[in-house]
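Take a walk through this structure, from the overall form down to single residues.

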Amino acid sequence: MSCPICDAETTKGYRPFCSRRCADVDLARWVNGSYAVPSDDLEDIEAATDAVDQTQPKPH
């Protein structure tokens, strides 16, 4: 089995990754939104729109 981040051989302690570094890279990608699970649920779309609106500066 190869690491999904760097294609190196995996190690038992970090499967499916080869090292803690690659596991942390994967986690960071989830946290910063690089990975996302698409949804057609209207509530999810509204929640995402509201979240974006809250991060935008308000006009004066």
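Is Thr10 buried or exposed? Thr10 is buried, because its relative accessible area is 9%. Buried stands for under 20% relative accessible area, exposed for over 50%, and partly exposed for what lies in between, with a 1.4 Å probe and protein chains only. Thr10 sits in the segment before α1. Its contacts, leaving out residues up to four places away in sequence, are Met1, Ser2, Cys3, Arg15, Pro16, Phe17 and Cys18. Contact here requires heavy atoms within 4.5 Å.

A word on the basis. The model is predicted, so local features need pLDDT of at least 70 and side-chain atom pairs count only at pLDDT 80 or more, while totals for chains, interfaces and linings use all residues. Numbering runs from 1 along each chain as its sequence is written, and side-chain values use heavy atoms, without hydrogens and water.

Now the whole chain. The protein chain has two helices and zero strands. These are DSSP runs numbered from the N terminus: H or I of at least four residues for helices, E of at least two for strands. The protein chain is more spread out than a compact globule, because its radius of gyration is 17 Å, well over the 10 Å that the globule rule gives for 60 residues. That radius is taken over C-alpha atoms, and the rule is 2.2 Å times the number of residues to the power 0.38. Along the principal axes, the C-alpha atoms fill a box of roughly 55 × 30 × 15 Å.

Of the 60 residues, 10% count as buried. Take the contacts between residues at least 6 apart in sequence: 5% of them join residues at least 24 apart. The accessible surface is about 5,200 Å², and carbon and sulfur atoms hold 54% of it. The area comes from the Shrake-Rupley method with a 1.4 Å probe. As for charge, there are 6 positive and 11 negative side chains, and the centres of the two sets are 17 Å apart. Lys and Arg count as positive, Asp and Glu as negative; His and the chain ends are not counted. Each charge is placed at NZ of Lys, CZ of Arg, CG of Asp or CD of Glu.

Back to the segment before α1. Which residue there has a positive phi although it is not a glycine? Asp7 does, at about 70°. Asp7 lies in the segment before α1. Asp7 is exposed, because its relative accessibility is 60%. The peptide bond from Arg15 to Pro16 is cis, with omega near 10°. For background, most residues other than glycine have a negative phi, and most peptide bonds are trans.

Tyr14 is also placed before α1, which spans 20-31. Tyr14 is partly exposed, because its relative accessibility is 37%. Beyond its neighbours within four places in sequence, Tyr14 contacts Ser19 and Arg20. Tyr14 and Ile45 are 31 residues apart in sequence, and their C-alpha atoms are 34 Å apart.

Last, the cysteines. The structure holds zero disulfides, a disulfide being a pair of cysteine sulfur atoms within 2.5 Å. For Cys6, the nearest cysteine sulfur is that of Cys18, 3.5 Å away. Cys6 is partly exposed, because its relative accessible area is 37%. For Cys22, the nearest cysteine sulfur is again that of Cys18, at 3.7 Å. Cys22 is buried, because its relative accessible area is 2%.
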